[in-house]
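Me: I am new to this structure and would like to go through it in steps. Could you show it to me?

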Amino acid sequence: MSEGCGRAMVAVRGLSKGYGRGASILEGVTLDVARGDFVSLIGPSGCGKSTLLKLVAGLVPPTSGAVEVDGMTPANARQLMSFIFQEATLLPWRTVLGNVELGLELEQSVDRGRRRAVAEELLGLVGLGDVGGHYPRQLSGGMRMRVSIARALATRPGLLLMDEPFGALDEMTRDRLNEEMLRLREEQGWTALFVTHSVAEAVFLSTRVVVLRAKPGRVHREIPVPFGFPRRASLRSAPGFLSLVGEVSSALRGLDGNGVEGGAG
Amino acid sequence: MRRFLTGAAWPLGVLALVVAGWQAATVWLAIPPYILPGPARVMGAGMERHENLLLAVRTSAVAAAGGFGVAVVCGVLAAVVLAQSPLVRRCLVPYTILLQTVPVVAVAPLILMWFGSGLRSVVLVVAIVCLFPIIANTTQGLVSVDRNLLDLFRMSNATRLQVLVRLRLPHALPALFTGLRISSGLSVIGAFTGEWFASSNTVGQGGLGYSIIYANSQLQTDYLFALVLACAALGSSFFLAVVGCEWLMLHRWHESALPRETE
Ligand SMILES: Nc1ncnc2c1ncn2[C@@H]1O[C@H](COP(=O)(O)OP(=O)(O)OP(=O)(O)O)[C@@H](O)[C@H]1O
Ligand SMILES: [Mg+2]
């Protein structure tokens, strides 16, 4: 069962999860994410995508099965991971810079000056170099999400776990941030496990799209995305892209309880 | 600040009208001054005995501020304990409710008996009165932190202390101030009640509570009015001081301090 485990960034083996005495939410999920992969999870609402992400992060314990992150238990691999939530979840009493510094500050691994420098560099990378002194409430939704991304990247994660990070944004902002994510990934080389409801977003970003089914949640299909990197915005209108979006959409349509928005967008 | 000043203009206008009407009524209706003294007479009595008046205000202010301070420290500490787990809350919250439901006038004589008459007892009565709103609001603030933020801190392997200091306490700050607003008004009432019982043996030094009883027994209605107004002024200034602190600490980031376009 565990062949190749040492190489994989994330190895999920026969993972099941139920809350309390309720029906199990995930059942026998097995999934590998290789180093450098960008894997999207897509599936009907309530199928357990967020739960799977939290299991990988070690935020909730599995009922049975195992998760390994870089060969370690999730709890021991936290140094390696960063989580990005659907909402920006910034601390409103901290400035933008203070928010980006948070992870480094809690880890207490670097001194104050270095922290500030890293935070400023990352804010620059997400295009917010000039609002470091602002408070979150002064920013737009898209800007807040960029801050959230900068905060996640500040600790130099090897694995980025993202739960519908762009779900609350308008399509234009979402597309722009998608392109920026790919650029950042190119520069920093992290691995990603990414939850989304948008098929087009999943295909645009990923090296592989994993379609989950609900009740109980399990892997329905894995669809590799063959396009190379770097990817440009124009890819979205390429025939190969559109036909792949169609394929993922029809895989989703094959599931009951379909609560998925958007096709090609 | 400008907004504050223009905001104050309206209530001040109302005040001027009431004072004018009050003076006119006492003159035209020829109400005897021991029933209802006019504002001019009240002012006169206050001026004439301003040394006693200021001493009473100072005594009560010290007691109210002292008790308020004790309540803030104890209240926040209690809230931090209560915020530790639902089990702790289930065990202890019923007893914090006692603070709210047992009338202070019932407890004050006991406190007087145990701790003697004087500042210490008054401070204690004030603290008891002020404690519950602080505990209740702060606890609510400490436990109502967004789950995602807690997860975020866990992902960084944050210690319990880091979660408390960097997440729960700042998050609870607005709720704490809600409690402080309520308690600031209560603190003067508490000082008044405490003095009523605790300081009757130190004539002339007894703070507003004692002075009012004394003025009443002597039928010095004009001075009594001056004392009541001093009480109101003291309570209001405490409240305003709290609101000022709140503004200083929250206006940069908290939604309640966002400038509004309406009105
Ligand atoms: N803490 C919890 N306690 C009990 N049940 C839970 C808990 N968290 C999630 N669930 C249940 O688990 C199921 C899966 O939830 P999850 O949030 O993982 O779904 P999801 O795929 O992320 O859905 P969505 O696409 O709507 O975000 C849901 O039926 C939900 O009610
Ligand atoms: Mg979810």
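This is a predicted model: local features need pLDDT of at least 70, side-chain atom pairs count only at pLDDT 80 or more; totals for chains, interfaces and linings use all residues.

Me: How many helices and strands are in chain B?
Reply: Chain B has 10 helices and zero strands. Helices (H or I, at least four residues) and strands (E, at least two) are DSSP runs, numbered from the N terminus.

Me: And what does chain B span along its principal axes?
Reply: The C-alpha trace of chain B spans about 75 × 55 × 25 Å. Of the 263 residues in chain B, 39% are buried; buried means under 20% relative accessible area, exposed over 50% and partly exposed in between, with a 1.4 Å probe and protein chains only.

Me: Turning to chain A, why is strand β8 described as largely enclosed?
Reply: Strand β8 (residues 208-213) of chain A is largely enclosed by the rest of the structure because five of its six residues are buried.

Me: Which strands pair with β8(A)?
Reply: Strand β3 (residues 38-42) of chain A runs parallel to β8(A), joined by four bridges, and Leu41(A) stands opposite Val210(A). Strand β9 (residues 218-224) of chain A pairs with β8(A) in the antiparallel sense over six bridges, with Arg208(A) opposite Pro224(A). Two strands pair if DSSP finds at least two bridges between them.

Me: What lies between β8(A) and β9(A)?
Reply: The two strands form a hairpin with four residues between them, and Lys215(A) in the turn has a positive phi of about 50 degrees.

Me: New topic: how many aromatic pairs are there?
Reply: Over all chains there are 10 aromatic pairs. Rings of Phe, Tyr and Trp (its six-membered ring) pair if their centres lie within 6.5 Å; planes under 30 degrees apart count as stacked, over 60 as edge-to-face and the rest as tilted. One of the pairs is Phe166(A) with Phe194(A), which is tilted, at 6.2 Å centre to centre and 45 degrees between the planes.

Me: Where do Phe166(A) and Phe194(A) lie in the chain?
Reply: Phe166(A) is in the loop between β6 (159-163) and α5 (171-188) of chain A, while Phe194(A) is in strand β7 (residues 191-195) of chain A, 28 residues apart. Phe166(A) counts as buried at 0% relative accessibility, and Phe194(A) likewise at 0%.

Me: Now the second largest pocket: what is its volume?
Reply: The second largest pocket has a volume of about 470 Å³. On a 1 Å grid over the protein atoms alone, a pocket is an open set of points where a 1.4 Å probe fits, with protein on both sides within 12 Å along at least five of seven lines; lining residues have an atom within 4 Å of a point. Grid points are joined across faces, edges and corners, and a volume is the space filled by probe spheres set on the points.

Me: Which residues lie nearest its centre?
Reply: Of the 22 lining residues, Thr89(A), Leu90(A), Pro92(A), Arg144(A) and Glu255(B) lie nearest the centre of the second largest pocket. The largest share of the lining, three residues, comes from α4(A).

Terms used. Residues are numbered from 1 along each chain as its sequence is written. Chains are lettered from A and ligands numbered from 1 in the order in which they are written. Side-chain values use heavy atoms; hydrogens and water are left out.
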